[in-house]
Amino acid sequence: MRRRFRSERRRWLRSVLTVPFYGALLGCSVVCGGGMKADAQEGEPRSTFQSGESLVVLPASASTKPVARNSAAKMKILTEEITSQLRQRKLDQSLLQFQNYTGYQLNLSTGTRHVNEVTGNCRLSWYDSLMRNPLTTPAESEAFTRYLFESLKNENGGLDRTMAMARSKMDVPLKTKAGIPFDRESDDPLAFVSAVLERVQQSHSESLAPLTPAELSQLSRELYPLLVSQNDVGYTLANRGRGRKICDMLEKMDRGAIHDAAEVMMPLSDKDFLERLKRIPDDTRVRVAGVSGTVVKRIDTPSGSIVIGGRGPNTYDLDAMSDVNVVIDLGGNDVYREGTVSLDRPVLITLDLDGNDSYVGSKPGIQGAAILGISMLVDLAGNDRYQAKDMAQASCLGGAGILVDHSGDDRYSGFRRVQGQAFAGIGLLLDRDGNDQYHGAMWTQGMGCPLGFGMLADMDGRDHYYTGGHFICSYADDEDNPTPGYEGWGQGVGAGLRSVASGGIGVMLDGGGDDIYEFDYLSHGGGYWLGLGFARDFGGNDQRVGATVKSFSGGRRGEPSFQRFGMGFGCHYAAGFCFDDEGNDTYNGTIMGLGHAWDASIGLLSDFSGDDQYRSNGKTTQGNGSQAGLGILFDYDGDDRYRNHSQGYASSSISYHEMPHCGGNFSFLIDHGGTDGYGSRVRNNSISRRGSNGGFLIDRFSPEVKAKPQTTSNTNTRRRTATTNTTQRNSSRR
């Protein structure tokens, strides 16, 4: 069946990709890298770099390496390297063909069009722009993640700017309603909470207004089973036809109103405001059904009830408090059970101000998560435990789910669609401090699904992230290239669903500390099926383990250790980015990772400093483009080691697309600084052709080695792998 599909697709491509059409495309106004000219030869000395405010060229006596003071300047160097080398090999027109071919393929499936498995619904315009401009996309992605992180560093007001950035990338109109003013010195904080609750309820109603009662009833019944519980693979749904109809309904929602509701809640998470709430006196006592322990006040408003718990330990059975929309707890080691947010109770805000708290439950839509609702959970202090199953911990299906934890060593454990996952809405998990642990099985930790902006941001601490280890991977029974392992789908991944919808935006940010990342298939800074994914770590000596070490339950893995698509990958008309700013880091994997692009995609792994180890043990890793892809690994500074033989290797074989119309494969490994070691045995301070003409390994400016004219070698050698004997052209379409 798959071979017949490919044969039919090739015939279709030949019928539409005509020479006159591409002649017109090559004359279009899309600019590739500011205009490239073949004005240098590959054997010439090192390219010169433009000096600017953020670039300093050291004297030859000290170093010949251009020194970049910030990450933006380093990305400029990357862009200049790529454009310069393409000119020298006279590949600038080939990359322009790749660029225009991708754009043409996107045009075929816009709107309600459906070409093979590619659908045009839920398509984001920012995604479209990035895919059509591959040479500017890496720098724009670096700036996007940097600006997000800078905004989040502000504990008072930072989330407002973060949400404004998310709005701009999600095709959501600018908000038309002003925020609710609050005077931190004189205004009553409880009156402000009441005003926020009223506005959130209004915005929620507006978000659902375009849907009919029958559509709302259907969404309420079908969202969870169709999008969560019926599925054990990440790339599509068990019921694709029904899923497409559900996505069509979700597209009708007023997503601007969803963002309005999320943004109006953001001041409730500001640290100064929470400190004001802590001063509420607890000298009164009332009784509230569903609460054991001290309750000091209950406020009934037209928009819902507000309950304030005392400073001792309390237990809140939140589902037994269905008429309560806001819970404020002043302190103590508390327990929060369940707390579902759905059309039955569409708004729930929980503010806990102190104590080592436990949030436990098994129902979907809890712990700052929502299904067609709006939810926020804020915890100011303490070592907290979040334990759930599906759809929890800052996740949403049609709505907004926000979780902010300000301090403490916290543990987050869930199963599917948890820890900053969004489908048709916003899912944001922000942990500001502490040594934290995150554990999930699939669709986790900064996962952006159709029409979704999902983000996990951990600002500091030595953290441990785990996604995968439970569901057998969808490649295990692949007739072309079966590989073992588990589904992953997390840690900064934006993904669509095959035959259902285009993807969203997934972001994972970590601010500092020596972190450990465990992840299985299609995880960690990646895009899949017309989606965008971003992962960035700003400091620390980090370990990207690759395949999870143990099973999800903590026992021995039932599958061999094998990781496919990870650490800066794009797969099937998608783009993914992995950045690391500081530290001596390790990158592990097996195949198709570490700056890998597959099938008209873009993949980038960029490490800006440190002595790093790239330990992937299979093929198509470390800066590889395949099946008409642009794959890049860029390391700036440090003595680095690259295991295996596939650095910057570009195969001449393309079976998914017609040559020369698609442009070819483009593979770049670019290393600046240090004395480096390569498994492919290329030399420091040289430029090597790797495989086809589109394969580059560029090593520059090792200070320990005397500068000499760069050499060009042709290292088109057969690659070896310890994990598979199949050839690249036989890899799976999935």
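Trainee: Which residues are buried in H7?

Mentor: Please bear in mind that this is a predicted model. As a general idea, an α-helix has 3.6 residues a turn, so residues three or four places apart point the same way. In H7, the buried residues are Gly-158, Leu-159, Thr-162, Met-163, Met-165, Ala-166, Arg-167 and Lys-169.

Trainee: How is the packing of H7 against H11 described?

Mentor: Two packed helices are described by the angle between their axes and the distance between the axes. Here the axes of H7 (residues 158-169) and H11 (residues 255-265) come within 10 Å and cross at roughly 170°. An angle over 145 degrees counts as roughly antiparallel, and H7 and H11 are therefore roughly antiparallel to each other.

Trainee: Which residues make the contact?

Mentor: H7 contributes Asp-160, Met-163, Ala-164, Ala-166 and Arg-167, while H11 contributes Gly-256, His-259, Asp-260, Ala-262 and Glu-263. By class, four are nonpolar, two polar and four charged.

Trainee: Where does pLDDT stay under 50?

Mentor: The protein chain averages a pLDDT of 88, and 86% of the residues score at least 70. Over residues 1-64, however, pLDDT stays under 50. Residues 715-733 also have a pLDDT below 50.

Terms used: Residues are numbered from 1 along each chain as its sequence is written. This is a predicted model: local features need pLDDT of at least 70, side-chain atom pairs count only at pLDDT 80 or more; totals for chains, interfaces and linings use all residues. Side-chain values use heavy atoms; hydrogens and water are left out. Axes are lines fitted to C-alpha atoms, for helices over the stretch in contact, and angles run from 0 to 180 degrees between N-to-C directions. Helices (H or I, at least four residues) and strands (E, at least two) are DSSP runs, numbered from the N terminus. Angles under 35 degrees count as roughly parallel, over 145 as roughly antiparallel, 65 to 115 as roughly perpendicular and the rest as oblique. Contact means heavy atoms within 4.5 Å. Ala, Val, Leu, Ile, Met, Phe, Trp, Tyr, Cys and Pro count as nonpolar, Asp, Glu, Lys and Arg as charged, and the others, Gly among them, as polar. Buried means under 20% relative accessible area, exposed over 50%, partly exposed in between (1.4 Å probe, protein chains only). pLDDT is the predictor's confidence in each residue, from 0 to 100.
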